[in-house]
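Visitor: Could you show me how to read the packing inside a protein model? I would like the general idea and then the case at hand.

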Amino acid sequence: MSRVLVLGGSRSGKSAHAESLLAGVADVTYLATSVGSDGDVEWAARVAAHRARRPAGWRTVETTAPSELLSGGTVLVDSVTTWVAALMDEAGVWTDEPGALDRLAGRCDALVNAWAMTPAHVVAVSDEVGLGVVPETRAGRLFRDTLGEVNQRLAGTADEVWFVVAGLPQRLR
């Protein structure tokens, strides 16, 4: 049992590295956290490329609630970034619904708690958002801050933390 967090920028090779950490493991549950977008051809191509890389024996579960599935076995969560974006949407953050930030905090707490307590071997992928410019919009800053906090909390209880830059993985912990 272990918890491994793989961080990196967009297109850094973090997903490929996370998958390589599970090379040879036959029974993996791949939690794909991205919400599909109708008509977005470029996004569909990215999803297809990720699917094509996965070994045939891996089981894929598409969900925005991975905390409910961290119960055992070997799990790859790809990615915490798209999961947080989906949670913000589901919680009503983008439309300023009453209680949205409390709902978002509760969902983030559920993931972090499941991560800390899971009996599974979990590898989670997330974007490192602390190296870029300060987003111009309130929504962008809220997303960056939320993901940054979740990443810190996951890293705080991880057994290993990797940072991938230009396809080169560096172990931080």
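Predicted model: local features only at pLDDT ≥ 70, side-chain atom pairs only at ≥ 80, totals over all residues.

Visitor: Which residues touch the most other members of the largest nonpolar core?

Guide: A nonpolar core is a set of buried Ala, Val, Leu, Ile, Met, Phe, Trp, Tyr and Cys residues joined through side-chain atoms within 4.5 Å. Buried means under 20% relative accessible area, exposed over 50%, and partly exposed in between (1.4 Å probe, protein chains only). Here the largest core has 33 residues, and L5, L70, V77, V80 and V84 touch the most other members. Helix 4 gives the most to this core, 7 residues; helices (H or I, at least four residues) are DSSP runs numbered from the N terminus. A second, separate core has 13 residues, including W58 and V123.

Visitor: What does V84 touch?

Guide: Contact means heavy atoms within 4.5 Å. Leaving out residues up to four places away in sequence, V84 touches F143, T146, L147 and V150.

Visitor: How do helix 4 and helix 5 cross?

Guide: Axes are lines fitted to C-alpha atoms, for helices over the stretch in contact, and angles run from 0 to 180 degrees between N-to-C directions. The axes of helix 4 and helix 5 come within 9 Å and cross at roughly 20°. Angles under 35 degrees count as roughly parallel, over 145 as roughly antiparallel, 65 to 115 as roughly perpendicular and the rest as oblique. The two helices are therefore roughly parallel to each other. On the helix 4 side the contact includes L104, C108 and W115, and on the helix 5 side T146 and V150 are among the residues.

Visitor: At what angle do helix 3 and helix 4 pack?

Guide: Their angle is about 145°, with the axes 9 Å apart. Among the residues that meet are V80, W83 and L87 in helix 3 and A100, R103 and L104 in helix 4.

Visitor: Where is W94 found?

Guide: W94 lies in the loop between helix 3 and helix 4. W94 is partly exposed, with a relative accessible area of 36%. Not counting residues up to four places away in sequence, W94 touches A85, M88, D89, A139 and F143.

Conventions:
Residues numbered from 1 in each chain as written. Heavy atoms only, no water.
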